[in-house]
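Sequence and structure come first, then my entries.

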Amino acid sequence: MTLGLIILVFCLLMLLGVPLFVVISGLALSLLYLNQIDSSAVIIEMYRMATTPILVAIPLFTFAGYLLSESGAPRRLVRLSHALLGWLPGGVSMIALLTCAIFTALTGATGLTIIAMGGILLPAMTKVKYPESFSLGLLTTSGTLGLLFPPSLPLIIYAIVAKVRIDHLFVAGILPGILLIALLAPYCFYRAIKAEVPRSRFSIPEVAGAVKDCMWELPLPFVVLGGIYGGYFVVSDAAAITAIYVLLVEVLIYRDIRWGELPGIMKKSMVLVGTILIILGAALGLTNYLIDEEIPMKILDLIRAHIASPFLFLIVLNLFLLAVGCIMGMFPALTVVIPLITPIAQAYGIHPLHLGIIFLTNLEIGASIPPLGINLFISSIRFEKPVLSLYIASLPFIIILLVGLAIITYVPWLSLALVNTP
Amino acid sequence: MMDRWERIDEIVGRLEQILLGILLGTMILVAVIQIALRNVLSTGLAWGDQLVRNLVLWTGFIGAAVATREGKHISIDVVSRWISPKRKIGIEIITNGFSLLICALLTFAALKFVNNEIQMKSILFLGVPSWASEIILPVTLGVMTFRFCLRFLKSILMTRHQETGR
């Protein structure tokens, strides 16, 4: 009874805008108090979480991502893909899809993509006469499109919280990620042909020029992924190498970023890391308590009474996760919901890696779903458009992505084919 | 009166930015040196990995303290988008007051945690006691408490202004 009341009050406070780490740790503190456990248990969990070895990857990748977004890398990436794909019908929109996906994977899916790439891509698309609503919808929903590709931050966080191997999860996301892009591509072609978008000519000198322009950034994905899967280094090593490499390239070789700008960029990226870390720590304290109390098992019994088949369970799970992704946003959903869902999904026979990909695809789409998807608001600010017009603009893309979600959910092979596990 | 507190907040903020730069720089450097030593000379600094992990703890929590100053903590902001500025201040008093209370409790819990660790006399590396790193938890949580307190007082002052302004 008291417990129900406490949870209700905390939910209300959360909707009023109390920072999530305060809500979560407050809830943890009151549960500990009710059970007469010392409050320092919350802090012990925070400390334990913050010094987890793999966590080192988060500040390093985030810093590298912020450096890239503040440098000329977005412009160079667009130039290269334009040189390679501009001659295709719908070429420019394909460029937008691909560059957004790559950029989100590198910067960690935090809305940076819409801010950094949107300013280059929206004028590029409207200049060649793509309808504005189509362009806005594309850029809004593409803001999280790279989330399934390594080394995106949500993949790392999922692996930490759900205790699956990061290198396996990285591989698991590749086919589903390609599927989502492959589903969006025909729609882009169709709209481009209908709008009679002019194509540019394929020119070898331009390709050569564009490659030369970003020759220092091109090796990065190969170094990171090749290093991890070649067995040369672990994920946190890859993060350190990425950070130092991007730092040297952008500051010393391209000189896009001046030394004086570095402290500001460091601060900005560490603020993001701090907000995620403190929620992670607080959530760990709370969920450990919930697991000790066997709350997931109680939920499972409740669900089992109504849902017998894994098929139906997956539908309910998807609807729930879409709502969570839309309302709570990516990082809180990752930290709080995963530990509760994982044992339940396992009881229905869903592979942990497959569950992770379902989870992240849902969050990716949920971030663009009206009324509260975060991408809609970031786009609204970035492009100075009313949120309502973005609701309409992103609708066709959301429908296509939902089809992709259904395929990913019911074809586990997509997530598991590339992973070498028994 | 508020001015003086805000100036202190600003000085702390500048200190935090400097610290973040130094800590992150060291983190990258030590991590890279470790990789180089491991792959080229197949050795490593025995304390290197521990140091990097504790640097993550420090940068993370200092980052969280800065986020409190800049109002950048992740929150679900459903209500305030659709409500009048006057009511908004009322909500801010509630949210900041509650955050202040919880952060104060967390600071207290962190102090107890560090106190326990001092008595345990555990060593991190190179003779550095564990509490020397863990002390950052009560410090940053204390700074967050202070900042929520500032915000709380400011929102209360705002309602006063509104009343006298009318």
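Leaving aside neighbours within four places in sequence, which residues is B:Asn96 in contact with? I looked up heavy atoms within 4.5 Å, which is what contact means here, and found B:Phe148, B:Arg151, B:Phe152 and B:Ser155. B:Asn96 itself sits in helix α3 (residues 85-120) of chain B; helices (H or I, at least four residues) and strands (E, at least two) are DSSP runs, numbered from the N terminus. I count B:Asn96 as buried because its relative accessibility is 9%. The cut-offs are under 20% relative accessible area for buried, over 50% for exposed and partly exposed in between, with a 1.4 Å probe and protein chains only.

Ground rules, before I go on. This is a predicted model, where local features need pLDDT of at least 70 and side-chain atom pairs count only at pLDDT 80 or more, while totals for chains, interfaces and linings use all residues. Residues are numbered from 1 along each chain as its sequence is written, chains are lettered from A and ligands numbered from 1 in the order in which they are written, and side-chain values use heavy atoms, with hydrogens and water left out.

Entry 2, chain B as a whole. I read five helices and two strands, in the order α-α-α-β-β-α-α along the sequence. Its radius of gyration is 21 Å, well over the 15 Å that the globule rule gives for 166 residues, so chain B is more spread out than a compact globule. That radius is taken over C-alpha atoms, and the rule is 2.2 Å times the number of residues to the power 0.38. Along the principal axes, the C-alpha atoms fill a box of roughly 75 × 35 × 30 Å. Of the 166 residues, 42% count as buried. I also noted the charges: the mean positions of 18 positive and 12 negative ones are 4 Å apart. Lys and Arg count as positive and Asp and Glu as negative, without His and the chain ends; each charge is placed at NZ of Lys, CZ of Arg, CG of Asp or CD of Glu.

B:Cys149 lies in helix α5 (residues 136-165) of chain B. Is B:Cys149 buried or partly exposed? It is partly exposed, because its relative accessibility is 27%.

Chain A has 21 positive and 19 negative side chains, with the centres of the two sets 11 Å apart.

I then followed A:Tyr158: beyond four places in sequence, its contacts include A:Leu334, A:Ile338, A:Pro352 and A:Phe359.

A:Thr51 is in the loop between α3 (40-50) and α4 (57-70) of chain A. Leaving aside neighbours within four places, A:Thr51 is in contact with B:Arg53, B:Asn54 and B:Leu57. I count A:Thr51 as buried because its relative accessibility is 14%.

Most residues other than glycine have a negative phi, and most peptide bonds are trans. Which residues does a cis peptide bond join? They are A:Pro150 and A:Pro151, with omega about 0°; A:Pro151 is in the loop between α8 (132-142) and α9 (153-162) of chain A. A:Gln36, although not a glycine, has a positive phi of about 55°. A:Gln36 lies in the loop between α2 (20-34) and α3 of chain A and is exposed, with a relative accessible area of 75%. A:Glu384 also has a positive phi of about 55°. I found A:Glu384 in the loop between α20 (374-383) and α21 of chain A, exposed at 70% relative accessibility.
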